[in-house]
Amino acid sequence: MKERVTLELPPDLHFLRLAAMAGAEAARYAASAIGMQRQDVFTHAVELAVSEVFTNAVKHRRAATPAWHVMIHFGINAGDLEVIVKDRNPHFDLDSVPSPDVDAFPEDGYGLYLVKQVMDTVTVRREAQCNIVTMTKTIRPEDAT
Amino acid sequence: MEFQIQTRTDGPIAIAALSGRVDAANSRQLRRQFERCLKTTNRFVFDCQALDFIDSSGLGAVVTCLRKALATAGDIRLAGVAPKVKLVFELTQAEKLFTFFSDADQALASFADQHA
Amino acid sequence: MQIDQQVMKNIFVFMPRGRLDAASAPLLRERLAAGDGGNMVLDFSAVDFMDSSGLGALVAGARRLRAQHGDIKLACIADTVRRVLELTRADRLFDIYDDPEAAISSFAPEKSV
Amino acid sequence: MKTLLVIKANTFDWLQAVFPDRSPLLASVCNKPLLEYLLDFAILCGSRHFRLATDMPLAKVEAVFGGGGRWGIELTYAPIRKTDDLATALQKNSRYCAGSRLLVMQGCFFLHYDKQKNYGPFMQTTAPGELLTCATGRILIHDATPLKTAPSPDGSPPPLALTSLRSIGELYRLSMRVLGRDARQYVLPGYNNETDVYIGRNVMIARSARIEPPVMIGDHVQIHKNAIVGPGAVIGRNVIIDAYSRIHHSVILDKTYVGEHLVLDRKLAGGRRLVDPGEETMVQLEDAHLLSTMRPSSRGRNRLQRLGHGLLAALLWVVLAMPYALLSFILKRQGRWRRSEAAYWVDSSGRSVRLTRVFLNPSGFCGRIAASLALDRYPLLGRVMRGDLALIGTRRLPATAANRAVIEADAGYRPGLFSYAEAEHWPVPEYDQDIVDRFHLAHQTLIYDFVMMVKVLLNKLHEETALCKSISK
């Protein structure tokens, strides 16, 4: 089983819910394909990650740029999921984003930290003036609880 | 990390004080110094009171020394080996090759007993 | 997002409804900032999702209130919210109750029966 | 009846001090988490709701226990704070606790019970209050409503006792006791077709190895030749006991590699740490070939490696293109080159692809050269570039149901064009070869792979020249 789903959304927080829910649905689909009964943790992880990355894409948008869409692509396989989010924002480097000092309870900066925590892999590459964030997550046997 | 061999010849018995760590970085030095000493005597006490850590290459060196000592009808006795260093001897079965004493004096005395 | 508000035993009880994300966090931030000082209970029984923006609003609110010797307590958080609090270790920052009533009376234990 | 377990990080300080990387809430006795014993007990008592209130991170626990569905109960989690006492914890869970008899377990302890006994009636009729207590925890019954039925006058209550847990030594002794004496009282993991021997899934035991009961072996364990395991051994998940080693009256925690010719007697080992539970001394070994931690494979690393393997494959593809074109053509005409196709599993999730197999007869001049250049593998280089195969990895397993079961249970399956065993020049039996492959896979890095790959190619060359010499003699 291999399904490809692509969404193109305006870089606007009005569509944040749609993006995140699509992530949750894609995850649910990938999980149900291997007969997972309970997939809350897996689904929630993907929903959270998509919410964070879409938010970032919208927030870092420069006002002066011509109109573009955030492209969200789901590669759904039985038991695992790949999410690719493409935006036209200024370049950002994943490694240069500091992890929040969780002991100091900062008020922001948790976004990418959370994404890295809940997904198996997160990479960012720059291609044709786009940031391409690729995230993957596989259901492990212990998730099947 | 510190490692020094003080060979003070107390009669025909050599005492080597091992301290700090014995590992890949200094095990060769141990062997070399041991061989030099082997020309004078074949009975040794390794005082391990101040030895904190030994790894497999360190252990290998100590066992090689023992083999050489045994080949010339001598022996190496170990003194004051800390429990966690002893764990490594147990794990690798090197424990069976050596006799352990609580301190250097007892180890020295054990050689004397044999002669008596 | 909609945020219901009521006062019980001199304590502000906020009840946000829906998703607490970048789209709705500013509203929560604003509402938490409006109540000056005092104690608050956030009843999360109608919140099914929270991301880092929502968390940011909570942490900011708690910090402001504590500087004024008040506090925020949380009640009825969903598993999804609990996981975000745990992953960011922000669970150490909040008292979390499974009953808003208990959260409210915890502010004045001697008065509650 | 409902159950509330209140457990705080500071009750596990002793365990954190020795094994800081292991989640204390998953600390196990005989390969079964302490928490699971408590769940089992709550179920015996007729409780269908279990809540864990803790100040510790729950992600790992949640990954293992989930919502309790596997036990047929509802398991929920509640964060509390470091400073909360029992009363606060109860208040924070007041909605959960209301309206039902409540079994409260507080602290860090082991609960001795007997799965054959029915604890339901006893729990329902016992007067509220403290039931049992030990140095590190207690069990209470809370009930707002007075007893409806009078306490049953008949007979003795079912067996129930607490053992406090304050040190690795106590945890170790408890493991030995459960394994050696009390095993029948609990549901323990593993197949138990021989008395006092519990064996998990995907366990490989060399024919020459010896198992002496009582023994408990977790999932994905390899016991190599002439090793002796037991009496009194608890081996966790993902453990390798290498050749000639002996494990007596000892506990080996999950993800541990125990090297060759070692003896563990009355010890506890986990990763690189070795503990003498009698004297409570601990040593961290620095030699990976004595004791080490098995690394779980991560996808991030795999990506980079796939790229590295792909690039190397591309290089070989270019270098060997001419010899391949020429020699395969000649050998085909000589009838020394036959190809066929068969399906192979390419990853542990059960994906299979059809791979070209070349049967190369290495006799004659061209045949020898082709074999020494490993040209029979050439058609598969494309698969490496596509990422279906690693350049070097474990032996490829044909896509059969039996093999599927093997790889599904095992994260250490990464089929390669070449196998590590070939680099080691390992003797042929497949069983041994698998172990060598798994050992290397557990220790591998990209550079390591590169070195092993060079070794394979040199071996091939050497094999062939040796063959030539013996023929010319």
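Student: How many residues does the contact take from chain A and from chain C?

Tutor: This is a predicted model, where local features need pLDDT of at least 70, side-chain atom pairs count only at pLDDT 80 or more, and totals for chains, interfaces and linings use all residues. Residues are numbered from 1 along each chain as its sequence is written, with chains lettered from A and ligands numbered from 1 in the order in which they are written. Two residues are in contact if their C-beta atoms, placed from the backbone, lie within 7 Å. On that basis, the contact takes 19 residues from chain A and 21 residues from chain C.

Student: Which helix gives the largest share of the side of chain A that touches chain C?

Tutor: Helices are DSSP runs of H or I, at least four residues, numbered from the N terminus. On this side, α1 (16-32), α2 (40-59) and α3 (111-118) of chain A each supply at least two residues. The largest share, seven residues, comes from α2(A).

Student: Is Leu165(D) buried or exposed?

Tutor: A residue is buried if 20 or more other C-beta atoms lie within 10 Å of its own, exposed if 12 or fewer, and partly exposed in between, with C-beta atoms placed from the backbone. Leu165(D) has 25 other C-beta atoms within 10 Å, so Leu165(D) is buried.

Student: Where does Leu165(D) lie?

Tutor: Leaving aside neighbours within four places in sequence, Leu165(D) is in contact with residues including Cys108(D), Phe109(D) and Thr136(D). Strands are DSSP runs of E, at least two residues. Leu165(D) lies in the loop between β10 (161-164) and α7 (168-182) of chain D.
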